[in-house]
Amino acid sequence: MKNLYKKQLLIPVFAVVFLVVGTSFKSDFFEIAKQIEIFTTLFKELNMNYVDETNPGELMDSAIKNMLEELDPYTKFLNEQDVEEYKINNAGEYSGIGALVRSYKDKLVVVEPYKDYPGDKAGLKAGDEIIKIGEIAVADFEDNASELLKGANNSSVDVTFKRQGATKTTTITREGVEVDAVPYYNMVDDKTGYIVLAKFNRKASSQTKSALQDLKGQGATQIILDLRGNPGGLLSEAINVTNLFVPKGELIVTTKSKVKKFNQTYKTKNKAEDLAIPLVVLVNGRSASASEIVSGSLQDLDRAVVMGARSFGKGLVQRPLKLTYGTQLKVTISRYYTPSGRCIQSLDYWNRDEEGKAVRTTEFNQFKTRNGRVVEDGGGVMPDVEIASSKSNALTDALLGNNIIFDFATDFYYKNEFNSVADFKFSESHYNEFKSFANSKDFSFKTKTEKLLEESLNSDDSLLGSDVQEKYKDLLLAVNRGKFSALDTYKKEITKKLEDEIIKRYFYRDGLYDYNLKNDDAILSAAALLEDSKKYSSFLKL
């Protein structure tokens, strides 16, 4: 039934419905009222007269979500179930099996079982394909079947799954699951403390503070704060984390909106934990939102050296607005600006290209940090020191997005044995196996050159003779071959992704963090910079 609604019909109708919330019926009251009336009569007549039975709730849910897709990926309608999940994500606690799963139409794939939680105790492994939960087949469940894995403490659920072609069953007893904002911290050496801040839920600042205090108690006189892969979270917690290193009353974020009440300035409210300890912040292309507030503000205030790769570039702020029947609209209300005045938003969702994709910012404005260093807006937080292995590229993104690295890691785990993190070694022969594996898979990866060549081949340009078209095809094949030779060009970056995925299979996430302390380029480079106090100070113009 979802096909009944076309976007061109729904967008103008629903856009005005939700515009009501933000604009309070300003000057276009008549147009709003008119469109609401049109939609009300349309929806009524459709459901009363359509030839087959309709599901009004499903139609409405689909229509709203289709309309919101035209705005930005962060403005979302939250039904009652979504609202509950939103609360859980922010709280960092829920009751379930303790595993990260990826949802498909006919299965749930276990991405990562958390150590010593119910899924792990019941024997689930990354790569397992859950096809049945209790008596319900995942393929027959219309909503997100992962919700069936959640439930009250001490309740049990039978799970049927496939592993390496064999069908297995296990019984899982659910329990409370705590999602730590700081899943790991440790000493890199006798002077350098290392803190992983994985998300900005309500535990973020308190757990970062505890980790900082503990590390200082162990002798840490310099700190590495790792925000790589941190997707963000609560704005208030981003400010509180920054406050650990900067004084009370410091401006961290300014938000600007068309609605005046959302125009706000956010300053630190507490006494800092440590104003002087040398600090390096690690970021990469998956560090977003609140992570960029922390890294961007510490950079602007010359309180830390930022290392790694350019961050994601999300400079938008969302707020949940309550609707009727327990639903909510999580809507983008403003843009945020770092202390220097930067908005680091990288994609312009209000100007799109011919394919309907948001236009990426290519022209950047320059700003200055407190000590006069030049920084730029518009494309995420650019690190003061770039680390090659932290950078992303089209090939690694395609390998990750098409689960080539994940699937290889699954096969690798069942073919190789390692007894400890210290014994782990991803060898040259292992990488050659991966190249063969990747080449055998048909995954979506097109370069800009390929797209241009395909457009030329598919055009109706009569000036292109058969000889020219054959040369185009030969060139296209050459590009395709060169694409896979990039597996050698980006070997270092790809190997890092492979190691990250494989080590978790054997030694869980803690094992990966232990491995990274001794082998990760960004951590080792950060520790080396902190060891050279003169060079560290020169970066910040101290």
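Helices (H or I, at least four residues) and strands (E, at least two) are DSSP runs, numbered from the N terminus. With that settled, Q164 is found in the loop between strands β7 (156-163) and β8 (166-173).

Some ground rules. This is a predicted model, where local features need pLDDT of at least 70, side-chain atom pairs count only at pLDDT 80 or more, and totals for chains, interfaces and linings use all residues. Residues are numbered from 1 along each chain as its sequence is written, and side-chain values use heavy atoms, with hydrogens and water left out.

Now the overall picture. The protein has 16 helices and 23 strands. It has 542 residues, and 46% of them count as buried. Buried means under 20% relative accessible area, exposed over 50%, and partly exposed in between, with a 1.4 Å probe and protein chains only.

Next, contacts, meaning heavy atoms within 4.5 Å. Take the contacts with a separation of 6 or more: residues 24 or more positions apart account for 69% of them.

Back to Q164. Its phi is positive, about 50°, although Q164 is not a glycine. Most residues other than glycine have a negative phi. Y508 is another case, with a positive phi near 60°. Y508 lies in helix α14, and it is partly exposed at 22% relative accessible area.

Strand β7 also holds V157. V157 is buried, because its relative accessible area is 7%. What does V157 touch, not counting residues up to four places away in sequence? The list is I133, G134, T170, T171, I172 and R174. E135 is 22 residues from V157 along the chain, and their C-alpha atoms are separated by 9.5 Å.

On to the helices. K209 sits in α6 (residues 204-217). Is K209 buried or partly exposed? Partly exposed, because its relative accessibility is 35%. Setting aside residues up to four places away in sequence, K209 touches L244 and E273. V182 is 27 residues away along the chain, with 9.9 Å between the two C-alpha atoms of K209 and V182.

Why is helix α7 (residues 235-243) largely enclosed by the rest of the structure? Because seven of its nine residues are buried. Those buried residues are L235, E237, A238, I239, V241, T242 and N243. They pack against α6, β13 (251-256), β14 (264-267) and α8 (290-300).

That brings us to α8, where E292 lies. E292 counts as buried because its relative accessibility is 0%.

Now R342. R342 lies in the loop between β18 (328-337) and β19 (347-352). Its relative accessible area is 1%, so R342 is buried. Which residues does R342 touch, not counting those up to four places away in sequence? They are G296, Q299, D300, Y336, Y337, F367, V375, E376 and D377. With Q299 there is a polar contact of 3.0 Å, side chain to side chain. A polar contact is a pair of N or O atoms within 3.5 Å; within protein, one must be able to donate a hydrogen and the other to accept it, and residues adjacent in sequence count only if both atoms are side-chain atoms.

Last, the cavity. A search of the whole structure finds one cavity of 30 Å³ or more. On a 1 Å grid over the protein atoms alone, a cavity is a set of points where a 1.4 Å probe fits but cannot get out, and lining residues have an atom within 4 Å of a point. The largest cavity holds about 30 Å³ of space. Its lining is V111, E112, P113, A126, E501, K504 and R505. β4 (108-113) and α14 (491-519) each supply at least two residues of that lining.

Terms used. On a 1 Å grid over the protein atoms alone, a cavity is a set of points where a 1.4 Å probe fits but cannot get out, and a pocket is an open set with protein on both sides within 12 Å along at least five of seven lines; lining residues have an atom within 4 Å of a point. Grid points are joined across faces, edges and corners, and a volume is the space filled by probe spheres set on the points.
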